Amino acid sequence: MKEYTVTIRFYEELNDFLPKDKKKVAFTLCWKGKRSVKDLIESLGVPHVEVDLILVNGISVGFDYIVQNDDYISVYPVFERFEISTTTRLRPQSLRTPAFICDVHLRKLVKYLRLFGFDVLYDETWDDKDLAQIAAQQKRILLTRDRQLLMRKIVDRGLIVRNTSPQKQIAEILDRLDLWDRVNPFSRCMMCNGKVAKLYNNTEEFEKEKPRIPPGVLSWCNKYYKCTQCGRIYWEGSHYEKLTKKIETIINQKSNT
Ligand SMILES: [Zn+2]
């Protein structure tokens, strides 16, 4: 079998997946037999969904490119902000309305993303196969801390969440996908992901819902919202204030970095 030697380098956050001695440096790889560049990259532990651009000797190639002896390979992450418009992106352009799906370990992140107004699916009963399938069918970005999950072939868009605290996780996602401009707090139900709409006072609908609002709240509050999906009623009470503070803290952290 033919022997191959190449030099490869990974950029930016793709280095998170590599062992110390391979981070942020060009290193040499040797093996025997034909291999696609996708196979080579994943054999180093980097999920293909995190890769947006591969340059071989300065020219952009697709995942199915068969690596040649002496190639110099540069691998760039998804949503990398530097200008690469003159080259071929491997991913579709960023989604107009980003939608997510989270694995079972990211329950708290789901709540935060919804609180910030993002569309996020989550169900404790879904296994890896379900998650990958729904992500592919509905073109959702799969968020997980499990590399293996993102290495499934049908997964096209996905991100490994690096942080462990939910507040840091949401900042990380918004940073990496450049989504701070799309934050729209309290527009989505934290429980069911449905859209939340204003419930206007003195309407027929309000009168119908009135018995569900505690009298102690009715006496002072005049701003109500209702989930268009599960019917849950929200009002601007102490819980709302607490959440507003949380949102502000996260946004302020962002402007400090
Ligand atoms: Zn709801």
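Which residue just after H2 takes a positive phi? Gly117 does so, with a phi of about 95°. Helix H2 spans residues 107–115, and within this helix Leu109, Val110, Tyr112, Leu113, Arg114 and Leu115 are buried. A residue is counted as buried if 20 or more other C-beta atoms, placed from the backbone, lie within 10 Å of its own. Helices (H or I, at least four residues) and strands (E, at least two) are DSSP runs, numbered from the N terminus.

The structure is a predicted model, in which local features need pLDDT of at least 70, side-chain atom pairs count only at pLDDT 80 or more, and totals for chains, interfaces and linings use all residues. Residues are numbered from 1 along each chain as its sequence is written. The protein chain has a mean pLDDT (the predictor's confidence in each residue, from 0 to 100) of 89, and 92% of its residues reach 70 or more. Over residues 80–86, by contrast, pLDDT stays under 50, and the model has 5 contacts beyond four places in sequence for this stretch. Two residues are in contact if their C-beta atoms, placed from the backbone, lie within 7 Å.

The domain assignment, whose bounds come from an automatic or database source, gives domain 1 (3–77), domain 2 (99–184) and domain 3 (196–245). The C-alpha centres of domain 1 and domain 2 lie 25 Å apart. Their contact takes 6 residues from domain 1 and 10 residues from domain 2. On the side of domain 1 that touches domain 2, 2 residues are nonpolar, 1 is polar and 3 are charged. In this scheme, Ala, Val, Leu, Ile, Met, Phe, Trp, Tyr, Cys and Pro count as nonpolar, Asp, Glu, Lys and Arg as charged, and the others, Gly among them, as polar.

Strand S1 (residues 3–10) pairs with strand S2 (residues 27–32) in the antiparallel sense over 6 bridges; two strands pair if DSSP finds at least two bridges between them. Glu3 has Lys32 as its bridge partner in S2. S1 also runs parallel to strand S5 (residues 72–77), to which 4 bridges join it, and Arg9 has Ser74 as its bridge partner in S5.

An open sheet is formed by 3 strands in the order S10-S11-S12, with antiparallel pairing. Strand S10 (196–199) and strand S12 (233–235) each have a single partner strand and stand at the edges, so one side of each is left without a neighbour in the sheet. Strand S11 (residues 224–227) pairs with S12 over 3 bridges, and Lys226 stands opposite Ile233 in S12.

Methods
Buried ≥ 20, exposed ≤ 12 C-beta atoms within 10 Å, placed from the backbone.
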